[in-house]
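Good morning, colleagues. Please take a moment with the sequence and the structure before I describe them.

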Amino acid sequence: MSTAVQEKETILNFLDGDFGTVSNIPAIAGLNEKGAGNISEFPFPTKKDEDWRFTDLRSISRNHFVPVSEAGANPVGDISEYYLPEATNSRLVFVNGEFNPELSSTSDIPKNVVVGNMAAYSDHEILETHLGKYTNYDDDRDVFAALNDANFKDGTFIYVPKETKVEAPIHVLNVFTDAEKAFYTTPRVLFVGEAYSKATIVEEHVALTQNEYLNVTVNEFKLFEGAHVHHARIQRDSKKANHISRPIAHLDKYAEYHSYTICLGAKLFRNDPRVVQNDEEVDFTIDGLVLIDGDQIADTHSAIDHRHWHAKSHQLHKVVVNDEAHSIFNGKIFVREDSQKIDSFQENRNLLLSVDGTVHTKPQLEIFSDDVLCSHGATIGHLNEDEVFYLHSRGLTKKKARELLVYAFTLESIETMEVESVHKLLLDEVVKYTSRDEEFVAVGK
Amino acid sequence: MLEIKNLHACVEGEDEQILKGVNLTINKGEIHAIMGPNGSGKSTLAKVVSGHPEYEITEGEIIFEGEDITELDADERAHLGLFLAFQYPIEVPGITNRTLLRESYNTIARENGREELDPLEFDDYLKERLEVIDMKDEFLERSINTGFSGGEKKKNEVFQMAVLNPKLAFMDETDSGLDIDALKVVSDGINKIAGPENAIVLITHYQRLLNYITPDHVHVMMNGRIVKSAGKELALELEDQGYEQLEKEFSVNGEAQ
């Protein structure tokens with residue numbers, strides 16, 4: 001008898017690339033080498049993997065992606081409509097993953113602060129010390145973080161020194177142009193906030209046309225003692241794009257990190273946010289708002305790791321699903337042994353506007369200490385028929401009633417946006433999302 | 001103003017008739033009270049007239065200002081000037097009273113070729129109308145009925161009516177569950193709104209609301225029909241005798257008709 005060993009597929013089956021060359025920046029070169037090794041070794045996930053059970057990856061595995069340089073991508077035109085008025089001179093623009101100095105402007109950034117691309121700060125001590133030190137996705141043999149490691153040659157580098165506040169929000173704008181071939185790109189962000197520094201970051205991904213691409217991002221945020229960060233993440237990728245996102249934050253004592261991920265675009269969005277508590281008395285948020293329709297898939301697998309005393313964590317994940325769209329939520333919350341006095345809140349609320357939409361939700365709490373307050377909940381429901389009729393009877397059309405109710409559902413998430421123009425942009429997106437004409441499903445309580 | 005002729009209705013998809021031939025005529029400037037025991041069809045009548053999708057009209061018609069509105073959607077009926085004060089006002093978290101009322105007021109104005117009010121004008125108008133129910137400005141900023149007490153919810157229905165200024169309002173048990181103070185505020189509000197150009201239908205179990213609001217006509221509903229109509233003295237009579245006498249009388253006649 002002979003047993004056939006089936007060769008496992010790797011991500012290299014679905015993309016072209018020369019991962020033998022490494023960056024000439026030492027901090028990046030090491031990661032390129034490590035990543036190149038990992039992508040040829042880590043198996044591409046299948047539905048047999050617990051973390052990928054519900055996630056349809058065929059939009060990647062039935063496609064073939066080339067490096068941007070070989071994709072025949074259009075040059076970028078005027079993209080000023082995507083600029084934030086508050087960040088006129090605190091903006092970094094990356095086009096298909098490549099830094100664009102002409103469209104970027106950082107003149108409002110204080111002199112002692114770094115907001116720029118990594119290649120321009122190749123010998124910066126902070127970059128060398130911190131880049132690649134915080135991701136732990138390799139522990140899960142994560143092929144996407146490995147691809148980012150292997151491929152990135154540049155990225156966003158933000159460093160806010162001790163007791164410095166950056167007044168203007170920092171807008172990291174990733175735009176994607178049309179191309180002849182489907183391409184892959186690997187944006188990378190390193191943020192280091194020293195003790196008692198403060199900054200607001202708006203990280204945005206926006207497609208100029210509805211083309212196919214694979215956008216694999218890794219963000220590393222390191223917050224030293226008492227550092228405060230407000231991090232808005234707006235994902236408006238092409239509805240044919242795949243966006244795989246790995247944002248991780250490490251928090252020292254008294255640090256506050258509040259992140260809000262808004263998912264509007266992408267055929268497939270997979271987001272694995274992680275927060276690691278390095279010391280006592282931290283306060284953090286990893287909220288999410290998902291508005292999807294058509295055949296979109298939005299999947300959030302989060303992990304919050306409480307390792308010390310006195311943490312306050314908040315995760316409100318709100319989802320609206322229309323048509324045949326599919327939302328997946330898996331929220332892991334760990335409370336390690338001896339990390340007492342933890343106050344952790346998690347809620348996943350799903351609103352289904354269609355009969356064909358699908359929602360999978362799984363709160364996953366692993367608590368190994370006894371003096372903790374962990375509340376969690378998950379709900380799935382349609383619009384409430386009584387609410388619709390109440391508004392309808394006051395003269396509002398059913399469409400307007402739906403728009404108001406979806407708006408009300410999302411408002412709690414949108415109101416957390418500190419930057420006024422982002423707030424406005426999201427309200428417009430909700431109106432766009434709800435102002436379609438077709439019927440919707442509403443049921444009684 | 002409103003003419004209901006031989007109205008039959010059931011819950012959508014079910015056979016059992018709840019309204020079994022209601023006839024009712026309401027003229028401008030009138031206040032009507034519809035009374036009757038539980039399950040007699042009073043609330044159903046209000047919902048059917050306002051266009052609730054849960055009910056299906058199987059026979060008869062509803063004529064409002066000369067137009068047959070039987071087939072119209074609830075919003076279209078509201079545009080014509082119909083209003084339903086809900087027995088159980090719905091909580092809508094996240095939408096403020098102000099947002100709903102502005103959307104509602106301007107939609108109705110637009111549909112009737114009247115000028116819409118801009119936010120500042122509308123605010124002034126709202127503040128003036130708040131006096132009708134003796135509520136403070138903060139009331140406008142609260143999410144619709146969310147976390148309101150029973151009395152506040154009923155006041156909010158009267159407030160919405162004061163703002164939207166309907167031609168005809170059905171008030172479904174707006175008095176139930178109110179303490180004496182709230183009952184006075186609510187009935188004062190209704191009295192302020194009532195005028196020669198509009199009409200109000202009060203649906204109630206009890207006569208106590210009618211101590212504060214004097215109806216021109218009182219109807220008794222039983223088993224899906226209006227079985228008796230008279231002036232305001234009928235309410236007092238019912239208070240004295242209850243519905244039993246009428247039930248005896250009409251269970252026989254009712255079935256025979």
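Let me begin with a definition: two residues are in contact if their C-beta atoms, placed from the backbone, lie within 7 Å. With that in hand, I turn to the model itself. This is a predicted model, in which local features need pLDDT of at least 70, side-chain atom pairs count only at pLDDT 80 or more, and totals for chains, interfaces and linings use all residues. Residues are numbered from 1 along each chain as its sequence is written, while chains are lettered from A and ligands numbered from 1 in the order in which they are written.

On confidence, the model has an ipTM of 0.92 and a pTM of 0.87. The pLDDT, which is the predictor's confidence in each residue on a scale from 0 to 100, averages 91 for chain B, where 97% of the residues score at least 70. Where pLDDT is low, the predicted coordinates should not be read in detail.

Now to the interface. Chain A contributes 17 residues to the contact and chain B contributes 20 residues. Helices (H or I, at least four residues) and strands (E, at least two) are DSSP runs, numbered from the N terminus. On the side of chain A that touches chain B, the elements giving two or more residues are H5 and H6 of chain A. Which element provides the largest share of that side? It is H5(A), with 7 residues. For the composition, Ala, Val, Leu, Ile, Met, Phe, Trp, Tyr, Cys and Pro count as nonpolar, Asp, Glu, Lys and Arg as charged, and the others, Gly among them, as polar. By that scheme, this side of chain A has 8 nonpolar, 4 polar and 5 charged residues.

How do H5(A) and H6(A) pack? Axes are lines fitted to C-alpha atoms, for helices over the stretch in contact, and angles run from 0 to 180 degrees between N-to-C directions. Helix H5 (residues 385–393) and helix H6 (residues 398–414) of chain A meet at an angle of about 125°, and their axes are 9 Å apart. Angles under 35 degrees count as roughly parallel, over 145 as roughly antiparallel, 65 to 115 as roughly perpendicular and the rest as oblique. H5(A) and H6(A) are therefore oblique to each other. A crossing is left-handed if the near helix is turned anticlockwise from the far one by less than a right angle, and right-handed if clockwise; H5(A) passes H6(A) in the right-handed sense. From H5(A), Glu387(A), Val388(A), Leu391(A) and His392(A) meet Lys398(A), Ala401(A), Arg402(A), Leu404(A) and Leu405(A) of H6(A). This contact has 5 nonpolar, 1 polar and 3 charged residues.

Elsewhere in chain A, the axes of helix H1 (residues 26–41) and helix H4 (residues 143–151) come within 7 Å and cross at roughly 140°. H1(A) and H4(A) are therefore oblique to each other, and their crossing is left-handed. The residues of H1(A) that meet H4(A) include Leu31(A), Gly35(A) and Ile39(A). By class, the contact of H1(A) with H4(A) has 7 nonpolar, 3 polar and 2 charged residues.

Chain A also has paired strands; two strands pair if DSSP finds at least two bridges between them. Strand E12 (residues 242–251) and strand E15 (residues 274–277) of chain A run parallel, joined by 4 bridges, with His250(A) opposite Val276(A). E15(A) also pairs in the parallel sense with strand E17 (residues 297–306) of chain A, over 3 bridges. There, Val275(A) has Ile304(A) as its bridge partner.

I close with the sheets of chain B. One is an open sheet of 4 strands in the order E2-E1-E4-E5, with antiparallel pairing. Strands E2 (17–26) and E5 (67–68) of chain B stand at the edges with a single partner strand each, so one side of each is left without a neighbour in the sheet. Within it, strand E1 (residues 2–11) and strand E4 (residues 55–64) of chain B share 8 bridges, and Leu2(B) stands opposite Phe64(B).

A further open sheet of chain B has 6 strands in the order E6-E9-E10-E3-E11-E12, and its pairing is mixed. On average, neighbouring strands of this sheet are turned by 20° against each other, direction ignored. Strand E11 (residues 217–222) of chain B runs antiparallel to E12(B), with 5 bridges, and Val218(B) has Ala230(B) as its bridge partner.
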